There are 2 protein chains.
Amino acid sequence: MKNVNLKHLAEELGLSIATVSRALQDSHEVSAATKERVRALAAELRYEPNAYASSLRRNQSKTIGVVIPKVTNHFFALAINGIEEAARQSGYHVLIYLTHDDYAREAAIIQHLKGGRVDGILLSVASGTEDIAHLESLQDANIPLVFFDRVRTEIATARVTTNDYESGYRATEHLLEAGCQHIAHLLISNSLSIGHNRHQGYLDALAAHGRPYDPDLVLAGTIDNQRNVQLIEELLRSRPDIDGIFASVERLAVGTYHACQQLGRRIPEDIKIVGFSNLESVSLFDPPLTTITQPAHDIGYEAARILLQAVEKKRAVLPSQSVVLDSELVQRRSTATE
Amino acid sequence: MKNVNLKHLAEELGLSIATVSRALQDSHEVSAATKERVRALAAELRYEPNAYASSLRRNQSKTIGVVIPKVTNHFFALAINGIEEAARQSGYHVLIYLTHDDYAREAAIIQHLKGGRVDGILLSVASGTEDIAHLESLQDANIPLVFFDRVRTEIATARVTTNDYESGYRATEHLLEAGCQHIAHLLISNSLSIGHNRHQGYLDALAAHGRPYDPDLVLAGTIDNQRNVQLIEELLRSRPDIDGIFASVERLAVGTYHACQQLGRRIPEDIKIVGFSNLESVSLFDPPLTTITQPAHDIGYEAARILLQAVEKKRAVLPSQSVVLDSELVQRRSTATE
DNA sequence: CCGGCTATCGGAAACGTTTACGTAAATAAA
DNA sequence: TTTATTTACGTAAACGTTTCCGATAGCCGG
């Protein structure tokens, strides 16, 4: 069975292609009776408009591109959930691209998307990204861009994040209040906005409580989780005075648990831990992990909503703005005081 | 800066559109010198072909659609990873659609995709899906379909799954060997292939070890996780003789942990648990969870590869075949014997 | 010198829509 | 009555590619 198209319907109905097209779009230029006839036949033959012909003609694809480092990070999985929800509500489709935190891949993806395959882009930048020329050129191509979670403030556009600074501050303060004297901070690339902001919160919380800042207690993680556990073990061994750890990303919190298991450190008696995480099952950890939990779904939903608004209004470059959704500190046993 | 297209390049170079197009496709019909000139200008002007014009003309979109129940299930996140990898290697794009286990949504998505937006579809069917007419009609629309994980054998096409039956058998046997006398099975919809197969493994393992089958020990979970925990609690309360639980899906394993916490049942002393799960962090659970771990990434990768092969060869309907990748039982403390 | 071949290019149709424009009839305004 | 205006439809151009036909020129064998 060949695809049924407008020409098909038009011939069958004795109408012109134009009229059929208009009827299906509920145009006021076609009589109610004709509309009904057209709709009936379209339904009967299961007519589906060719998305590409439509996109080509209208110069819009009803599709947004989502470019993220990885989908196995639960934060991004939840965010995609929110994005898909917003997109579906507006009748948009979602293309997914993974950068695997590789700059070259991110640049290639963005470059390709300038071909017009998407009407807008949601991006969480790769940790390896330094140069942002590929992002700047999006403005020229008339493709709106909205950052979420991992942003670059050099580009003037909308950004949706959580309150990274305050969360870093709160996490550190929480450890201080629990009696920790030497608090380490495990983070990913400091060039990343989230790493930087959370770290600043860590620093300011220490200062506010009159604690010295010790650069040796800051560890930048790698892509490789195995390696991270090694690095954490080394850190804990070389600095046995560490009694608190703020892991600003989920895998580093998990890595810390493993390292502590290896070294026989007890949580929370010897070391207290608070980590960013969106896994529901952290409450089943041994011990349950105190977390900074991000509103991941809402971040995705909100970012998509802002992008879609811009797309619908054909505003290629949207005003520089920051939308901040608050994370929540959920206290569990990994930071219990007794 | 307006979009640069073939016409632009052609005018600038004093060539025809046809020649420029052919040059960029490395056709043998254009001289090496001209190819070089064209490529140089294209690179300089950052020419990106319009994907929609190309798709319309060639009648292929270089895009595959992935239709899954949810992305927050870690299995699917890993599978997407594999799918994206295979797609990228072949120069394909990935559209994601979530059904949220809702039949109506699945049907609507499939119907829409028949418009030609994708060259092929990877599907893991929703638990609510009974009727499969929408899937059968895909064959008419010339769109190849490959199932992964949650399959429907009524449709003759390729299926990529894990060895659900054997895994159910192994899990149950493992509990029996650990000394469990009354083993409950928690599953999702029995109409689903995976639920059915895993359950059959459970039944056969019981029979093979001369244990009676007690229907009261089988619990079908719901979409709502809160409710599931309630149901599990009720089950454990009404049948205090239960000393082993086989959870054939991750959330039910997690739900069981929560229920046991509520009821003060000790794992593994009072109840031993084995569950399907792909979370790396189950090793941090209290106690670490014995799991059946699926090769989720490989399942996605393999399914995508099979689909892409069919797409490239323009084989709309592919031969009925089952590819089975083995899961692995990873023994941890939740089924320890002492 | 002629016919056939190859190499290299251009013209134009086609993919299926959308839409600017035109037109005929019907209706309203004068 | 005549003249606008509205209603309902058709014609055809356009979106940017790809590709089917040529067409021209050069070359070679006969």
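Tutor: Gladly! Let's begin with the second largest cavity: its lining takes at least three residues from each of domain 2 (60-162 + 296-325) and domain 3 (164-294 + 329-335) of chain B. Keep in mind that this is a predicted model.

Student: How much space lies in the second largest cavity, and which residues are the closest to its centre?

Tutor: The space comes to about 120 Å³. Of the 15 lining residues, Asn73(B), Phe75(B), Arg198(B), Val249(B) and Gln294(B) are the closest to the centre. The elements α5 (74-89) and α9 (193-208) of chain B each give two or more residues to this lining.

Student: How does the lining of the second largest cavity divide by class?

Tutor: There are six nonpolar, five polar and four charged residues in the lining of the second largest cavity.

Student: What about the largest cavity: what is its volume, and which residues are the closest to its centre?

Tutor: Its volume is about 150 Å³. Two or more lining residues come from each of α5 (74-89), α9 (193-208) and α11 (250-263) of chain A.

Student: How do you know where the largest cavity lies relative to domain 2 and domain 3 of chain A?

Tutor: Look at who supplies the lining. Both domain 2 (61-162 + 296-325) and domain 3 (164-294 + 329-335) of chain A give residues to it, so the largest cavity lies between them. By class, this lining has six nonpolar, five polar and five charged residues.

Student: Now for single residues. Why is Ala42(A) called buried?

Tutor: Buried means under 20% relative accessible area. Ala42(A) has 9%, so the label buried applies. Ala42(A) sits in helix α3 (residues 32-44) of chain A, and its C-alpha atom is 9.9 Å from that of His8(A), 34 residues apart along the chain.

Student: What makes the phi values of Asn59(B) and Lys62(B) worth a remark?

Tutor: Phi is positive in Asn59(B), near 60°, and this residue is not a glycine. Lys62(B) is not a glycine either, and its phi is about 55°. Asn59(B) belongs to the loop between α4 (51-58) and β1 (63-68) of chain B, and Lys62(B) to the loop between α4 and β1 of chain B.

Student: Finally, which peptide bonds are called cis, and what are their omega values?

Tutor: One joins Asp286(A) to Pro287(A), with omega near -5°. Another joins Ile267(B) and Pro268(B), with omega about 5°. Pro287(A) is in the loop between β9 (272-276) and β10 (290-293) of chain A, while Pro268(B) is in the loop between α11 (250-263) and β9 (272-276) of chain B.

Conventions. Residues numbered from 1 in each chain as written. Chains lettered and ligands numbered in written order. Predicted model: local features only at pLDDT ≥ 70, side-chain atom pairs only at ≥ 80, totals over all residues. Heavy atoms only, no water. 1 Å grid on protein atoms, 1.4 Å probe; cavity = no way out; pocket = protein on both sides within 12 Å on 5 of 7 lines; lining within 4 Å. Points joined across faces, edges and corners; volume = space filled by probe spheres on them. Helix = DSSP H or I, 4+ residues; strand = E, 2+ residues; numbered from the N terminus. Nonpolar A, V, L, I, M, F, W, Y, C, P; charged D, E, K, R; others polar. Domains from an automatic or database assignment. Buried < 20%, exposed > 50% of the residue type's maximum accessible area, 1.4 Å probe, protein only.
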